[in-house]
Amino acid sequence: MPEPVVENRRLCPTRASGAHALIAHWITPDVCLARQRTGFHKCFSCAYRGLSAGAVLPDAPVRVFEPRVEPKRARSRG
Ligand code: SF4
């Protein structure tokens, strides 16, 4: 389920790969930049790493799942 968009807040961390983070919370861009300056251990894989305070992420890519196709079974004659 996609995360809701909250103005002037960042979900920390927001995985660049789109993977779900087990523990995340909302922070302001100022807190984000301060954490990046201090080498916060979750920043290395985050989509916000290196972005300015006013940066907005593009919409997350939509994952398309192919419906599962069940193999056809031979009809039994009986
Ligand atoms: S760049 Fe770092 S501080 Fe900012 S949201 Fe990502 S993990 Fe959190």
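Student: Among contacts between residues at least 6 apart in sequence, what percentage joins residues at least 24 apart?
Tutor: The model is a predicted one. Two residues are in contact if their C-beta atoms lie within 7 Å. Among the contacts in the protein between residues at least 6 apart in sequence, the share that joins residues at least 24 apart is 40%.

Student: What pattern do the secondary structure elements follow along the sequence?
Tutor: The protein contains one helix and two strands. Read along the sequence, their pattern is β-β-α.

Student: What percentage of the residues counts as buried?
Tutor: A residue is buried if 20 or more other C-beta atoms lie within 10 Å of its own. The protein has 78 residues, and the part of them that counts as buried is 9%.

Student: Which element gives the most residues to the shell around the ligand?
Tutor: There are 13 residues around the ligand, and those that come nearest are C12, C32, R35, C43 and C46. The elements that give two or more residues to this shell are β1 (10-12) and α1 (29-37). With three residues, the element that gives the most is α1.

Student: How many residues of the shell around the ligand are charged?
Tutor: By class, the shell has seven nonpolar and two polar residues. Its charged residues number four.

Student: Is the peptide bond from C12 to P13 cis or trans?
Tutor: P13 is placed in the loop between β1 and β2 (25-27). Most peptide bonds are trans. For the bond from C12 to P13, omega is near -5°, and the bond is cis.

How values were computed:
Residues numbered from 1 in each chain as written. Predicted model: local features only at pLDDT ≥ 70, side-chain atom pairs only at ≥ 80, totals over all residues. Near = placed C-beta within 6 Å. Helix = DSSP H or I, 4+ residues; strand = E, 2+ residues; numbered from the N terminus. Nonpolar A, V, L, I, M, F, W, Y, C, P; charged D, E, K, R; others polar. Buried ≥ 20, exposed ≤ 12 C-beta atoms within 10 Å, placed from the backbone.
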